[in-house]
Every structure is written in structure tokens, then in C-alpha cells.
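I looked up pockets and cavities, and I kept short notes.

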Amino acid sequence: MQINNPILSGFWADPFILRDGDDYYLYPTKDSAGWMYEKFHVFHSKDLVNWDGPYLALDLNDVSWADKQAWAPGIAKYKGKYYMYFSAEAQIGVAVSDSPLGPFKDMLDRPLITRNQYNCQSIDADLFVDDDGQPYLLWGQGKCWIVPLEDDMTTFKSEPVQLSVQIHNAKGSDAIAGDIAVYNEGPHMQKRDGRYWLTWSNYDTRDPRYQIAYAFSDHILGPYEVPENNRMTLVSVNAVGTGHASLTEYENEWYLIYHRLAEPKTSVLRETCIGLVRFKDGQPYVDVNQ
């Protein structure tokens, strides 16, 4: 596949990619002044290169409890419907649609997770459906939480588990202090060769050091193996702030869809890119200079 970054025109961040058969759907955050934008959009592709859209997926003007800061949705297909877990005003809501293109409709008329409910910023939701059909919700800036969901997709099946504690412990850092060099935000779950693959972003999105880190486990709730060098997006002088990513497979290859700072010396606007995931000794890395 010929990679030409950025893959979307304009300023888009926090890209979440959904594979549905032979179709790919990309749900990014629309960057704007102060990150106050109020709509969620979706793009569609067959090959990860040519994208059509954007199509309006969800408008916060149709949501009763928030009207700005439409950030970082996570979407999955479950039992024939598409569920979107979205951030708005530092709270997480859930919406549903019969189509991946939307329109999505708020299910609860209230947040699913309220502001600071689990002692972290309630943003960056990620939805993962395991091979046995069990859906899991991940979220959190400052802490990474995971919880299995009931079939209604709004009820927690058990108490949430804090995965970021495992990450901090493996790195020898203080989980309570919440060192953002170890874990900050944007958790994303995938499965590769029967193992769970957790990625996230460390540092701050405005920081040139903002990059993707990773860990693997044989069990979705851990324990997670965190290599000493677990940076996935390689250091680059040309592409900085390479973080908040999601993963997908295309033609038996893994691809990382991420954002980078478009104008690192003058603004915090971001653009969406894609990179081929390569493996060395079983550990993933992405050359962001492509």
C-alpha cells in the first residue's frame, strides 16, 4: 500500500478506525480553536488510502447533556448495531445506529460516565468486542480503566479494573502520581495471534514527545507485559506528537492510524496519518517518517 500522509485533508485528530467486512470507517475529532467543536464525523474507505466523507455521525446539538468538546469516539459493531462511546465536556456518552455512517442517537439522555467519576478525566473511550462476543469498554486520561458490558451496552457487568496501575508498576513509577511519561490517555485494545494488545499515548498531545506505547497480555484484564522500551511510534524530527491511535488489519498487515502535530512550532492543530506496523522480535514499531 502506498502511504501518503496525511490521509485526510484538514485538521483531524484522535482517529478511531472500525473495520466492518471489507469496509473501513474512520471517526476522528475535528480540530478547532480551543477544541470546542460540537460534531462527530465519519469517513469511509475500501483500501485505507482513498477516503470519502466526511459524513455527519452525531451532532451534540441533539444531545441534551452536552453541546461542545466532541472528542475521541470509540465504535464497534455488536449484534447487528453500531455503538459509539463519545467524549463531550469531559464526560462519556453512548449512542447507537443501524449504520456505521450514522446517524447515531444518544441512548441514555445522560452521560454513561460522569466528569471525574473514576478519579480521572472521563474521555477517550474505546470499545473492544472479544472473540467470544463479550464487549469491553476502556477509557481514561490519567488512568486507564476497562470494564465488561452487559448486552444492553450501557450496564457494567462488574467493577472496572484499572490497567494503568499494571503499566506504572511494570515501569517502576508511581501509579497514584500518574506520571504521564508512562501513561496519559487514548487506550486502545486489539487482539493479535491470540494475545491482547493494549496501546495508549504518553506525554501530552501538545508535547513533541507524545507517542504511542504498548503492552501485551494473555488475558484481557492482565497482567500486561510492558517491555522496557515500549515506544511504538519511532522518534522523528519531521513527524512529532505522533499519538492517540487505533489499529486495524488490511491484507494481512497491521496499520496504525494516528495523529501528529501539523504545525508543531506555531499551533496545536493535528492531522491524521497512517503507518505500517512492523515487528522485530515480536515487538511492534512504526516508522512515522513515511
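Entry 1. I asked which strand gives the most to the lining of the largest pocket. Strand 1 does, with five residues. I note here that the model is a predicted one. Strand 1 covers 12-20, and the other elements that give two or more residues to this lining are strand 5 (70-78), strand 9 (126-129), strand 13 (185-192) and strand 16 (243-250).

Entry 2. I looked up the volume of the largest pocket and found about 480 Å³. I counted 20 residues in its lining, and Leu18, Arg19, Phe128, Val129 and Gln190 lie nearest the centre. Sorted by class, the lining of the largest pocket holds eleven nonpolar, six charged and three polar residues.

Entry 3. I moved on to the second largest pocket, which has a volume of about 220 Å³. It is lined by 16 residues, with Trp35, Trp71, Ile123, Glu185 and Thr205 closest to its centre. I sorted this lining too: six residues are polar, six are charged and four are nonpolar.

Entry 4. How many cavities of 30 Å³ or more does a search of the whole structure find? I got one. The largest cavity has a volume of about 80 Å³. Its lining has 14 residues, and those closest to the centre are Phe16, Ala125, Pro187, His244 and Ala245. Strand 1, strand 5, strand 13 and strand 16 are the elements that each give two or more residues to the lining of this cavity. By class I wrote down seven nonpolar, four polar and three charged residues for the cavity lining.

Note on methods
Residues numbered from 1 in each chain as written. Predicted model: local features only at pLDDT ≥ 70, side-chain atom pairs only at ≥ 80, totals over all residues. Heavy atoms only, no water. 1 Å grid on protein atoms, 1.4 Å probe; cavity = no way out; pocket = protein on both sides within 12 Å on 5 of 7 lines; lining within 4 Å. Points joined across faces, edges and corners; volume = space filled by probe spheres on them. Helix = DSSP H or I, 4+ residues; strand = E, 2+ residues; numbered from the N terminus. Nonpolar A, V, L, I, M, F, W, Y, C, P; charged D, E, K, R; others polar.
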